[in-house]
Amino acid sequence: MTIDASALQAVLLTIVTASTPLLLAALGELVTERAGVLNLGVEGMMVMGAVAGFAVALTTGNPYLGVVAAALAGAALAAPFGFLTLNLVANQVATGLALTLLGLGLSGLIGEAFVGQPGVRLAKLHIPGLSDLPFVGPLLFGQDLLVYLSIALAVAVWRFLFASRAGLVLRAVGDNHASAHALGYSVVRVRWAAVLFGGALAGLGGGYLSLAYTPQWIENMTAGRGWIALALVVFSSWRPGRLVIGAYLFGAVTILGFFVQGLGVGVPAQLLSALPYLVTVVALVAISRRRGRGDAAPACLGKSFVPDR
Amino acid sequence: MRIELEKRAERSKTLAWASPVIAVLATMVTGGLIFAALGKPPLAALWVFFVEPFASLWSLEELVVKATPLILIGVGLSVAYRANVWNIGAEGQLTAGALLGSTVPILFNAWNTPATLLAMLVLGAIGGMLWALIPAVLKIKAGANEILVSLMLVYVAQLLLDWLVRGPWRDPHGYNFPKSVAFENWQTMPTIGEGRLNLGIFIAVLIAVVLAVVMRRTIKGYEVRVMGEAPRAGRFAGFSADRMVLFSFLLSGGLAGLAGVIEVASTVGQLQPNISPGYGFTAIIVAFLGRLDPVGVVIAALMLAASYLGGEAAQIALGISDKAARVFQGVLLFWVLACDTLILYRPRLVRGPTAEAAR
């Protein structure tokens, strides 16, 4: 069996599109968790981003407005989560689940009018000269805006967390909220910012699905990607660099599954569909077994903070 | 303007009772606003949604039928959550239970004895337990996050079901529909009266009562509460965190599996790709609305069952999308969690600068 260059290129291109939504959503959650907040509502925020992005792009005809709407919708859904867990110190696990259930329901309700409508696709950027290069051109220089944005955001988050004062404060809040509070930082305000950022990025990830991956609206179209993004954050040991690698590895495994199916190997389609979930479980087990020093979760992850006065 | 929380000297007993009621009322107000936003008459819609399910004998029967799986799963989850063990994959355990329980009618179709149904129920519970055992063991042996693993396995279980009913277990005389053979009457739950009411509700209530006694009156119940609230103290008392994870998953998974097999052996009557409208997830809301207490769960399950019925009725009567029911369920859980804060804290609206800025 020979695989020609164009087939390989097609596979690599699909891997990029499969990885980007995961990377975006997981990057947001990474920042949220670094601030000590566990938001299990990623799936809900993603699916809201997907429906909002689709709806706005379709009604305005402008996919970039759709991208903005997706981010806003994700952040808007994150707001009640922030209010409950940060201001009312509600249980983060339960509130995150509520957010997912609400997002799935609300997106279904909003999206009902859009089922079956052809969407607006986010254009691939064309850089004259560079994107015309053989093989690597379309791969590296012919992607859409969100692909570049996801990589740029990964670098920015890494710089922010480990080379900026604000990032240091955010990590301090996540690792020891009592000390951060004693030093005069507003734990609640830092966490609010992190939660809204996480929501916006989850929304972007969802928007990528309905604007670029498959430009249409299907109910529950995130299909568990929000949960996989949560697993990727654990897998990355809360480090942006490893998150990029993890997201792309994950995208690759998923796409290779479909590729194998395309070769006509006698494997049930359901088994290949189950592959991402099974891979997630295996990855979680592997990473949890061999967690090294400095790879631990933020110490205050999931813990509520009530300032004592 | 912001909110400051002041810790109460002791948890408010009045509010512990009142908070679920306040949450339900707040959900109704929110629901009314959503209906108004959808351009529907809010009061009429609320009536259809929340009152009519309780208003006729037929719908009361249907209410109980829908509450049955919610009670079974909800009581199991309430114990697990009390122990601070987060099984959110009950939907998958429900599916696994339905699958294993259905091996009897599908593979041993001719086996007609009084023990047939009992064997199905036992296998259903075992199926749920086995599926729940995976996240429990991975948590204990490898430290893998049980929330994520149990949730991933929901998708796997549903795909397994999908493959079986489209492949090896498809009814050969079923005109190629993705369905198994229809279960015979000795393979289904005995019904009570003319309608769909069946023995399942008695099993569910009985289990809820047993668990209420266990949680209130036995050492095991004490162990669950201690390990949930003060795991360090629990370890000094000789309780094992690992054993608690295992116990919580086996109990909640087994009950979800039982709910699954009861569902396919009563209202569904065969295996098909969709056997549950998300009972395993709705039961999470049931557990919290019931204040993680088995008796509270029974009441909460009736409430949530009503939301399914109300959703169907509102669709027929007023053309409101059946998705509205799911939105309500999510909103309800939000309000429940918000109101629960009131039990431990007294919120105050504060004007002016924050405490930090004032220092």
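Is the crossing of α3(A) and α4(A) left-handed or right-handed?

1. The crossing of α3(A) and α4(A) is right-handed, a crossing being right-handed if the near helix is turned clockwise from the far one by less than a right angle and left-handed if anticlockwise. Helices here are DSSP runs of H or I of at least four residues, numbered from the N terminus, while strands are E runs of at least two.

2. On the basis of the note: this is a predicted model, in which local features need pLDDT of at least 70 and side-chain atom pairs count only at pLDDT 80 or more, whereas totals for chains, interfaces and linings use all residues. Residues are numbered from 1 along each chain as its sequence is written, chains are lettered from A and ligands numbered from 1 in the order in which they are written, and side-chain values use heavy atoms, with hydrogens and water left out.

3. To return to the pair in the opening question, α3(A) and α4(A) pack with their axes 10 Å apart and at an angle of about 155°, where axes are lines fitted to C-alpha atoms, for helices over the stretch in contact, and angles run from 0 to 180 degrees between N-to-C directions. That makes α3(A) roughly antiparallel to α4(A), on a scale where angles under 35 degrees count as roughly parallel, over 145 as roughly antiparallel, 65 to 115 as roughly perpendicular and the rest as oblique. Leu77(A), Phe81(A), Leu84(A) and Thr85(A) of α3(A) make the contact with Gln92(A), Thr95(A), Gly96(A), Leu99(A), Leu102(A) and Gly103(A) of α4(A), contact meaning heavy atoms within 4.5 Å. By class, this contact has 5 nonpolar, 5 polar and no charged residues; Ala, Val, Leu, Ile, Met, Phe, Trp, Tyr, Cys and Pro count as nonpolar, Asp, Glu, Lys and Arg as charged, and the others, Gly among them, as polar.

4. The loop between α3 (63-87) and α4 (92-111) of chain A holds Val89(A), whose phi is near 40°, a positive value in a residue other than glycine. Val89(A) is buried, with a relative accessible area of 12%, where buried means under 20%, exposed over 50% and partly exposed in between, for a 1.4 Å probe and protein chains only. In chain B, the loop between α3 and α4 (90-107) contains Asn84(B), which has a positive phi of about 65° although it is not a glycine, and which counts as partly exposed at 42% relative accessibility.

5. A second pair in chain A is formed by helix α6 (residues 145-163) and helix α9 (residues 187-213), whose axes come within 11 Å and cross at roughly 155°. That makes α6(A) roughly antiparallel to α9(A), and the crossing is left-handed. From α6(A), Leu146(A), Val147(A), Leu149(A), Leu153(A) and Val157(A) meet Phe197(A), Leu201(A), Leu204(A) and Tyr208(A) in α9(A), and these residues divide into 9 nonpolar, no polar and no charged.

6. In chain B, helix α11 (residues 279-289) packs with helix α13 (residues 323-344) at an angle of about 30°, the axes being 10 Å apart. The two helices α11(B) and α13(B) are therefore roughly parallel to each other, with a left-handed crossing. Residues of α11(B) in this contact include Phe281(B), Ile285(B) and Phe288(B), and those of α13(B) include Arg326(B), Leu333(B) and Val336(B); by class there are 8 nonpolar, 3 polar and 1 charged residues.

7. Leaving aside neighbours within four places in sequence, Phe288(B) is in contact with residues including Ala94(A), Tyr81(B) and Trp86(B).

8. Ser19(B), in helix α1 (residues 13-37), is buried at 1% relative accessible area and, not counting residues up to four places away in sequence, touches Arg291(B), Cys339(B), Asp340(B) and Ile343(B). Lys66(B), in helix α3 (residues 57-82), counts as buried at 10% relative accessibility, and its contacts beyond four places in sequence include Arg196(B), Tyr279(B) and Glu312(B).
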